[in-house]
Amino acid sequence: MTTIAFIGLGIMGSPMAVHLVRAGHSVAGYNRSPEKAKALTEAGGRAAASIADAVTGAEVVALMVPDSPDVQDVLTGDGGVFAHAAPGTLIIDFSTIRPDVTRELAEEAGRRGLRYLDAPVSGGEAGARDAALSIMVGGDAAAFEAAKPIFDVVGRTVVHVGPSGAGQTVKAANQLMVAAHLEALAEAVVFLRAYGVDLEAALEVLGGGLAGSAVLTQKRANMIDHSFEPGFRIALHHKDMGIVTSAAREAGVVLPLGALVAQLVAAANANGDGGLDHSALLRGVERLSGTS
Ligand code: NAP
């Protein structure tokens with residue numbers, strides 16, 4: 001049994017923290033708006049009053065917050081994790097953030113005698129709920145081995161992909177691929193509807209062939225029902241397309257499709273769809289086609 005502080009109990013963090021409690025760990029969860037700790041406390045975890053309260057006495061500190069500045073705040077801010085974690089504490093950042101920010105934070109953690117892994121996840125809300133996430137881990141191999149039992153509680157495919165920041169780089173590639181798949185699916189849906197094809201039948205047969213994908217399986221109902229409750233918010237995918245396009249630019253590689261899809265995600269965000277699930281890229285294709 002490990003004593004775990006879990007910071008950020010949103011769409012992903014809440015079910016992950018609940019799984020850790022159910023696996024027998026002692027979990028103190030902290031969320032900025034306290035009502036989101038309800039599922040955790042109902043499962044037998046503790047709602048901490050502050051980051052300091054959650055972190056004091058914890059062997060592992062897990063984070064699941066939206067963006068790079070949020071992780072920086074939680075770790076380095078007044079009353080943050082770095083100020084309160086005991087030397088040797090293992091920090092696991094499950095959030096999707098910039099690889100360069102991750103490397104800086106990991107170096108700072110190391111200077112303070114803390115261990116640090118970047119461990120962004122893929123699999124969406126369903127993956128978190130079903131403890132079936134794909135977890136791409138960057139950092140020291142010994143820290144990875146120490147964290148593996150925790151990863152195995154919330155994930156199904158857990159891979160150490162390299163040194164600090166490598167997990168975030170792999171996640172950026174993941175987000176590029178997911179956005180492109182979603183955009184292609186949205187365009188196929190608008191195309192099929194234009195010809196009056198039965199969408200249920202079409203997506204069923206497409207799912208059994210080479211066009212089948214986890215994106216199609218998980219987002220098919222959203223597309224058919226035109227229901228875009230998140231899930232994964234467009235605003236977060238917009239953040240991730242910014243990460244992948246700027247990291248590609250720094251590396252001097254060219255992602256033409258990624259650049260176009262990033263613009264389409266940006267357009268969805270600019271048209272007020274940031275709070276909707278990323279399957280709402282469909283609304284963007286409909287706007288462009290005059291069928292919205
Ligand atoms: P979310 O539902 O918005 O949850 C984020 C949580 O972080 C919220 O509970 C929020 O608290 C808290 N938070 C935000 N800013 C904070 C700050 N500055 N300090 C402290 N707490 C803060 O987001 P999510 O969908 O769980 O996503 C979390 C991360 O997972 C993101 O990096 C996202 O890209 C990644 N991710 C998401 C999915 C998905 O399908 N949703 C899949 C894979 C990866 P409040 O309640 O007070 O706002």
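**Close-up 1. R193 and its salt bridge to E286 in the predicted model.** In this predicted model, R193 is partly exposed, with a relative accessible area of 36%. R193 forms a salt bridge with E286, and the closest N and O atoms are 3.8 Å apart. R193 lies in helix α9 and E286 in helix α14 (residues 281-289), so the pair ties together parts that are 93 residues apart in sequence. E286 is buried, at a relative accessible area of 8%.

**Close-up 2. The salt bridge between R283 and D273.** The closest N and O atoms of R283 and D273 are 2.9 Å apart. R283 lies in helix α14 and D273 in helix α13 (residues 256-273), so this pair ties together parts that are ten residues apart in sequence. D273 counts as buried, with 2% relative accessibility. R283 is partly exposed, with a relative accessible area of 29%.

**Close-up 3. The salt bridge between R46 and D53.** R46 and D53 form a salt bridge in which the closest N and O atoms are 3.2 Å apart. Both partners are partly exposed. The relative accessible area of R46 is 40%. For D53, the relative accessibility is 27%.

**Close-up 4. A salt-bridge network of E108, R111 and R112.** Salt bridges link E108, R111 and R112 in a network. A search of the whole structure finds twelve salt bridges.

Close-up 5. Helix α11 spans residues 214-225. Its buried residues are V215, L216, K219, N222 and M223. Seen down the axis of α11, these buried residues fall within an arc of 135°, so they line one face of the helix. An α-helix has 3.6 residues a turn, so residues three or four places apart point the same way. On the other side of α11, T217 and D225 are exposed.

**Close-up 6. A negative surface patch that includes D225.** D198, E200, E204 and D225 form a negative surface patch. E200 has its place in helix α10 (residues 199-207). E200 is partly exposed, with a relative accessible area of 45%. D225, another member of the patch, is exposed on α11.

**Close-up 7. The loop between α11 and α12.** This loop holds H226 and G231. Helix α12 covers residues 234-251. Phi of H226 is near 55°, a positive value in a residue other than glycine. H226 counts as partly exposed, at 35% relative accessibility. A cis peptide bond joins P230 and G231. Omega of that bond is about 10°.

**Close-up 8. A131 in the loop between α7 and β8.** The loop that holds A131 runs between α7 (124-129) and β8 (133-138). Phi of A131 is near 50°. That is a positive value in a residue other than glycine. A131 counts as buried, at 19% relative accessibility. The cut-off for buried is under 20%.

Close-up 9. V170 has its place in helix α9 (residues 166-194). V170 counts as partly exposed, with 34% relative accessibility. Helix α9 also holds R193, the salt-bridge partner of E286.

**Close-up 10. P163 in the loop between β9 and α9.** P163 is found in the loop between β9 (155-162) and α9. P163 counts as exposed, at 60% relative accessibility. The C-alpha atoms of P163 and A141 are separated by 8.2 Å. Along the chain, P163 and A141 are 22 residues apart.

Terms used:
Residues are numbered from 1 along each chain as its sequence is written. This is a predicted model: local features need pLDDT of at least 70, side-chain atom pairs count only at pLDDT 80 or more; totals for chains, interfaces and linings use all residues. Side-chain values use heavy atoms; hydrogens and water are left out. Patches are made of residues with over 30% relative accessible area and no salt bridge: like charges are joined within 9 Å, nonpolar side chains (Val, Leu, Ile, Met, Phe, Trp, Tyr) within 5 Å. Accessible areas come from the Shrake-Rupley method with a 1.4 Å probe; for residues, only the protein chains shown count as cover. A salt bridge is a side-chain nitrogen of Lys or Arg within 4 Å of a carboxyl oxygen of Asp or Glu. Lys and Arg count as positive and Asp and Glu as negative; His and the chain ends are not counted. The place of a charge is taken as NZ of Lys, CZ of Arg, CG of Asp or CD of Glu. Helices (H or I, at least four residues) and strands (E, at least two) are DSSP runs, numbered from the N terminus. Buried means under 20% relative accessible area, exposed over 50%, partly exposed in between (1.4 Å probe, protein chains only). The arc is that of the directions from the helix axis to the C-beta atoms.
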